[in-house]
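Colleague: I am new to this structure and would like to learn how to read its features. Could we take them one at a time?

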Amino acid sequence: MRIENEIKLGFKDVMIRPKRSTLKSRSQVSLDREFTFLHSQTKWTGVPIMAANMDTVGTFSLALALAKHNLFTAIHKHYSFEAWDTFLQEAPEHIENYIAVSTGTGSKDGEKLKLIFEKHPKLRFICIDVANGYSEHFVKFVEKTRAQFPDKVIIAGNVVTGEMVEELLLSGADIVKVGIGPGSVCTTRVKTGVGYPQLSAIIECADAAHGLGGQIISDGGCAVPGDVSKAFGAGADFVMLGGMLAGHEESGGELIEHEGKQFKKFYGMSSETAMDKYVGGVAEYRASEGKTVEVPFKGAVENTLQDILGGIRSTCTYVGAQRLKELTKRTTFIRVAEQENQVYNP
């Protein structure tokens with residue numbers, strides 16, 4: 001046993017210090033980024049915000065709405081090959097630039113992945129997603145997938161430490177997904193005691209990834225647009241959102257009505273709800289590590305996107321970053337004991 005005494009920080013522990021700026025308006029800020037990925041050497045341009053690969057968020061309908069704004073969706077892994085086939089035949093031609101095919105690491109997962117890419121070779125992104133990215137089995141699956149798909153962009157995760165980011169990049173990943181336990185419907189930290197405060201995880205993992213020419217995704221922990229800005233300021237190349245994109249028309253989840261108000265179900269992919277739905281229940285050797293909640297129905301996702309993107313542009317004007325790429329260099333975090341005046345919050 002050993003103890004690391006350095007304090008690790010989450011989004012609520014800091015704010016961004018304002019700096020002199022020559023920008024006159026939020027409209028002068030560009031949120032587009034351009035990346036050339038490490039192994040595939042694929043170029044990508046867009047707004048680097050992603051919908052999480054949860055079945056209540058990473059849906060085909062949400063992907064279509066986000067792609068209109070050049071935002072990305074990691075499509076959840078529970079769509080069948082037939083559903084993929086139908087979607088891709090009907091979707092706009094550019095959609096392959098803004099979606100990833102998600103997969104687990106089982107033999108059936110690998111078979112479905114192969115079928116999808118054989119039928120639709122224009123698809124460019126694979127998201128290999130497990131709760132615990134520290135297993136040897138996971139690393140070997142990443143190596144195998146890279147050998148099988150040398151020209152595809154591979155996203156792999158989740159991890160929270162620099163040495164594991166480096167191992168995944170050296171094993172064939174282009175982008176590493178960072179986050180264990182920060183999600184709004186994740187209970188891993190309370191069920192297992194394992195985790196890492198998200199802001200510090202981003203800082204450590206971004207440093208490791210950028211040293212090798214790779215990228216990271218900050219996955220989880222963003223509750224408000226300011227958190228998204230903080231993730232980018234800390235060095236994240238992409239920011240993945242779950243709860244912030246849940247509850248919309250385009251999101252998944254059952255629509256429920258209570259006392260004249262509408263809600264949508266939102267749950268973690270390790271929750272009892274998800275395991276009942278996809279694997280016949282919680283196995284006797286494990287515990288559920290996710291919540292099931294009811295999110296107030298928010299209507300079309302368009303207004304939420306405007307709120308998020310407008311917030312990030314505003315952050316950039318406060319620190320003088322004309323492009324999103326410049327935000328990290330212009331960010332100074334200050335430690336705080338409070339974030340906002342909550343006197344009128346319910």
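Colleague: Is C186 buried, partly exposed or exposed?

Modeller: First, the ground rules. This is a predicted model, in which local features need pLDDT of at least 70 and side-chain atom pairs count only at pLDDT 80 or more, while totals for chains, interfaces and linings use all residues. Residues are numbered from 1 along each chain as its sequence is written, and side-chain values use heavy atoms, with hydrogens and water left out. Buried means under 20% relative accessible area, exposed over 50%, and partly exposed in between (1.4 Å probe, protein chains only). C186 counts as partly exposed because its relative accessibility is 26%.

Colleague: What does the UniProt annotation say about C186?

Modeller: Such annotations may be inferred rather than shown by experiment; their positions are given in the numbering used here, and feature names are shortened. The unreviewed UniProt entry annotates C186 as "active site".

Colleague: Where is C186 placed, and which residues does C186 touch?

Modeller: Helices (H or I, at least four residues) and strands (E, at least two) are DSSP runs, numbered from the N terminus. C186 sits in the loop between β9 (175–178) and α6 (188–192). Contact means heavy atoms within 4.5 Å. Not counting residues up to four places away in sequence, C186 touches G181, E289 and G290.

Colleague: Which residues of helix α5 are buried?

Modeller: In α5 (residues 162–170), the buried residues are G162, M164, V165, L168 and L169. They line one face of the helix, because seen down the axis of α5 they fall within an arc of 165°. That arc is taken from the directions from the helix axis to the C-beta atoms. The face turned away from this buried side carries the exposed residues E163 and L170.

Colleague: What do the buried residues of α5 pack against?

Modeller: They pack against α4 (136–148), β8 (153–159), β9, α7 (198–212) and β10 (215–219).

Colleague: How do the axes of α5 and α7 cross?

Modeller: Axes are lines fitted to C-alpha atoms, for helices over the stretch in contact, with angles from 0 to 180 degrees between N-to-C directions. The axes of α5 and α7 come within 8 Å and cross at roughly 35°. The contact is made by G162, E163, V165, E166, L169 and L170 of α5 and E204, C205, A208, A209 and L212 of α7.

Colleague: Is T73 buried or exposed?

Modeller: T73, found in strand β5 (residues 72–75), is buried, with a relative accessible area of 0%. Leaving aside neighbours within four places in sequence, T73 has contacts including A51, L62, Y98 and I99.
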